[in-house]
Amino acid sequence: IAAVQLSLTTFLGGFAVGQLFWGPLADRFGRKRPILISLSIFILASVACMYVTSVEQLWVARFIQALGGCGGVVISRAVVTDYFDSSKTLKIFTLLALIMSVAPIVGPLIGNGILSVWSWRAVFGTMLILGVMLFLLSLFFLPETRAKQNRKPVGNVVRNYLNILKVRQFTWYALIAGVANGALMVYVGNAPFLIMEYGGLSGNAFSIIFAVNAAGLMVASYLVNVLQRYTTTPKVVKYALGVMFTVSVILLAAMYFNASIYLILILLFFFIFPIGILFPATTELAMKPFTDNSGAASALFGSIQLLIAFLCTLLAGFFNDNTIFSIGLAFVMCGIMALFFVFSGKERNTIPVPFR
């Protein structure tokens with residue numbers, strides 16, 4: 001079991017590395033061609049995953065699958081900045097964030113449903129079908145949003161990424177997005193223990209709870225557009241982080257006193273809910289300064305987000321002593337880190353540094 005679970009680690013590694021690869025390519029060769037190439041890699045790797053004969057082969061196939069699969073995630077954010085003016089980007093990023101935040105929760109439920117009927121190979125077969133569908137949709141319906149005259153040479157990739165990191169607005173909001181994603185991953189990773197072992201609830205109840213929290217993330221993502229009518233997006237981020245941190249402290253106290261599982265689940269819902277607000281809001285703010293090099297910025301944003309989320313889960317694992325209190329402590333630490341980033345970051349240097 002541990003060896004198979006390691007395939008998730010190799011997948012996340014490929015996802016982090018691949019994002020840095022696809023961003024500059026999308027700025028150089030346009031958006032459509034790299035998306036089609038990335039989906040082709042994902043499709044071929046999914047076939048390989050279906051026919052592996054050892055766990056070591058699975059590790060390699062999953063790594064390659066992630067290298068291809070992350071292309072669409074990176075380039076989709078760049079397409080938004082290409083295709084829509086600044087007044088509409090938050091609305092579109094909200095839709096993207098809704099899908100990306102719900103996926104980690106809904107995905108395991110779908111996977112379990114497939115496994116209840118077919119073998120594990122059918123899971124990768126489903127990925128193959130989805131990859132083919134996305135390839136065909138991109139081929140026939142996705143327009144090229146990057147004009148040839150706006151395309152930039154790849155140049156010194158490391159220097160370009162360092163220039164992007166000099167834009168403080170980008171860096172701080174990427175860090176906040178990473179902590180929010182890390183908090184969500186801590187929840188996903190510890191939910192089985194919390195709900196079924198501590199709470200004593202059934203597998204069906206577990207699925208229902210996951211579905212309710214997924215619905216909460218969807219509603220929260222939509223709520224960003226409503227809140228923007230009454231306040232600015234940076235303030236929306238601060239309010240969401242304030243709620244997230246406050247609920248995490250109350251949740252920690254409830255876990256310390258071994259409160260009812262139902263009270264803990266209610267508090268968990270309100271802890272996860274602001275994360276749905278943070279995903280689109282931080283993406284819009286981080287990507288806002290960039291036009292010409294939006295592909296590279298999107299790639300770096302995704303990699304930072306994944307790296308911080310990995311560190312959050314690693315920290316949570318270090319403090320985990322098989323008690324629910326340690327889970328609550330991990331939530332509080334995520335809230336503290338996010339508040340530190342949002343209140344210590346200054347929105348200066350918001351003009352993007354061009355490729356040289």
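Axes are lines fitted to C-alpha atoms, for helices over the stretch in contact, and angles run from 0 to 180 degrees between N-to-C directions. The model is predicted, so local features need pLDDT of at least 70 and side-chain atom pairs count only at pLDDT 80 or more, while totals for chains, interfaces and linings use all residues. Residues are numbered from 1 along each chain as its sequence is written, and side-chain values use heavy atoms, with hydrogens and water left out.

**Exercise 1.** Work out how helices α7 and α12 are oriented to each other.

*Solution.* Begin with the geometry: α7 (residues 168-198) and α12 (residues 324-344) pack at an angle of about 170 degrees, and their axes are 9 Å apart. Helices here are DSSP runs of H or I with at least four residues, numbered from the N terminus. Because angles over 145 degrees count as roughly antiparallel, α7 and α12 are roughly antiparallel to each other.

**Exercise 2.** Find residues that meet between α7 and α12.

*Solution.* Contact means heavy atoms within 4.5 Å. Among the residues that meet are W172, Y187 and Y198 in α7, and I324, F331 and S344 in α12. By class, this contact of α7 with α12 holds 19 nonpolar residues (Ala, Val, Leu, Ile, Met, Phe, Trp, Tyr, Cys and Pro), 3 polar and no charged.

**Exercise 3.** Describe the surroundings of S38.

*Solution.* First locate S38, which lies in helix α2 (residues 32-50). Next, S38 is buried (under 20% relative accessible area, with a 1.4 Å probe and protein chains only), because its relative accessible area is 0%. Finally, leaving out residues up to four places away in sequence, S38 touches W22, G68, G69, G71 and G72.

Key. Helix = DSSP H or I, 4+ residues; strand = E, 2+ residues; numbered from the N terminus. Buried < 20%, exposed > 50% of the residue type's maximum accessible area, 1.4 Å probe, protein only. Parallel < 35°, antiparallel > 145°, perpendicular 65-115°, else oblique.
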